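Subject: Model handover

Hello,

Here is the model for you to look over. My notes follow below it.

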Amino acid sequence: MSNSGEGVRLPKRPVQILSVKDNTTHIVRFLGDYKGHMMHHVPRLGSWPCLGASCPISTHRHRSVWKGFGPAEEFFTELNAWYLCVIEVTEALDESLRGFPMRGQTWLLTHPRPTDKQTPVMGMFLQHDDPAALRPAFDVGPVLERVYRGVKMDLGCANPVPPRIVDEGESDSGPAQLQAERREPPKPATEEQWAQLRKMIGKDPRVGNDGQHTGQRQINGKAAHHG
Ligand SMILES: [Zn+2]
C-alpha cells in the first residue's frame with residue numbers, strides 16, 4: 001500500500017507508543033497481533049509494567065489494568081503516509097478486537113470526551129487490507145523498553161477481564177395495560193369543541209352536504225339535536 005508516490009520525501013518520525021487520548025481520533029492499521037501485560041496505575045509515572053515476583057511493593061499495591069501492545073501503522077492525513085507505531089490496546093478495545101487475526105485490519109480509534117473516568121477507547125472497523133502488500137510486522141519490545149526505562153515486558157498475558165455479557169432481547173407485545181392504551185381509538189371531540197368549530201364555519205361540521213351525519217358523528221355516537 002505504498003501510495004506516497006515516486007520521489008516524495010517524507011519526514012522521519014520516531015516509532016512511539018500510540019495510546020488513544022481523550023478527544024483524539026486515529027486511523028490505525030495493524031501489522032500483526034497484539035500481546036498483553038499487566039500494568040499498574042502509578043501516580044506521576046502513569047501506567048507502569050508489573051514485574052511479577054520482583055515487582056516493588058510500592059508499585060505492586062497500585063491498581064492494575066491490562067494493556068496490549070502490537071505492531072501497527074498510523075495514517076497521517078496531512079502527509080498521506082503511514083508511519084510505524086506500537087498500538088496500545090486497552091481492556092475495552094480488546095473486547096472488540098479479540099479473536100481476529102489483526103494483520104491488515106484498519107480501524108478508526110477514538111476516545112470521546114470523558115463524562116467520567118470510565119469512558120472507554122472505542123473502535124470502528126474500516127477495512128481489511130491485503131496482508132501480503134503491507135510492511136512486515138516488527139518487534140515492539142525495543143520501543144516499550146525505551147519508554148519504560150529498560151523494563152523487559154513479558155508480553156504473554158491475556159486480558160483478565162471476562163467477556164461482556166450480551167443479551168439479544170426477546171420480542172413481546174408488553175404488559176396488558178400498555179396494549180389496552182395502544183388499542184384505544186382516538187377520542188371524539190367534546191361538545192365544547194364542536195360548538196367552537198360551528199361558530200367558526202357557520203354550520204355543524206358533523207352534517208355532510210347531503211344532510212347525513214359524517215363518519216366522525218357515527219364514532220361520536222351521540223344524538224344530533226343541533227343545527
Ligand atoms: Zn506488580
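Which residue in the turn of the β5 and β6 hairpin has a positive phi? Asn-80 does, at about 50 degrees, and 4 residues lie between the two strands.

Some ground rules. This is a predicted model: local features need pLDDT of at least 70, side-chain atom pairs count only at pLDDT 80 or more, and totals for chains, interfaces and linings use all residues. Residues are numbered from 1 along each chain as its sequence is written.

Overall layout. The protein chain has 6 helices and 8 strands. Helices are DSSP runs of H or I with at least four residues, strands are runs of E with at least two, and both are numbered from the N terminus. The order along the sequence is β-β-β-β-α-β-β-α-β-β-α-α-α-α. Of the 227 residues, 19% are buried. Buried means 20 or more other C-beta atoms within 10 Å of the residue's own; exposed means 12 or fewer, partly exposed is in between, and C-beta atoms are placed from the backbone.

Sheet pairing. Strands pair if DSSP finds at least two bridges between them. β5 and β6 run antiparallel, joined by 9 bridges. Glu-74 has Tyr-83 in β6 as its bridge partner. β1 (residues 17–18) runs parallel to β6, with 2 bridges. There, Leu-18 is the bridge partner of Ile-87.

The core. The largest nonpolar core holds 18 residues. Such a core is a set of buried Ala, Val, Leu, Ile, Met, Phe, Trp, Tyr and Cys residues joined through C-beta atoms within 7 Å. Val-28, Phe-30, Ala-72, Val-86 and Ile-87 touch the most other members. β2 (24–30), β5 (64–76), β6 (81–89) and β7 (105–111) each give two or more residues. β6 gives the largest share, 4 residues. Contact means C-beta atoms, placed from the backbone, within 7 Å. Beyond four places in sequence, Val-28 touches Leu-18, Ala-72, Glu-74, Ile-87, Trp-107 and Leu-109.

Asp-94. This residue lies in helix α2 (residues 91–97). Asp-94 counts as buried because 21 other C-beta atoms lie within 10 Å. Leaving aside neighbours within four places, Asp-94 is in contact with Gly-68, Val-89 and Asn-159. Trp-66 is 28 residues away from Asp-94 in sequence and 9.7 Å away in space, C-alpha to C-alpha.

Last, α5. Helix α5 (residues 191–201) is hardly covered, with 1 buried residue among its 11.

Best wishes

Note on methods: Contact = placed C-beta atoms within 7 Å.
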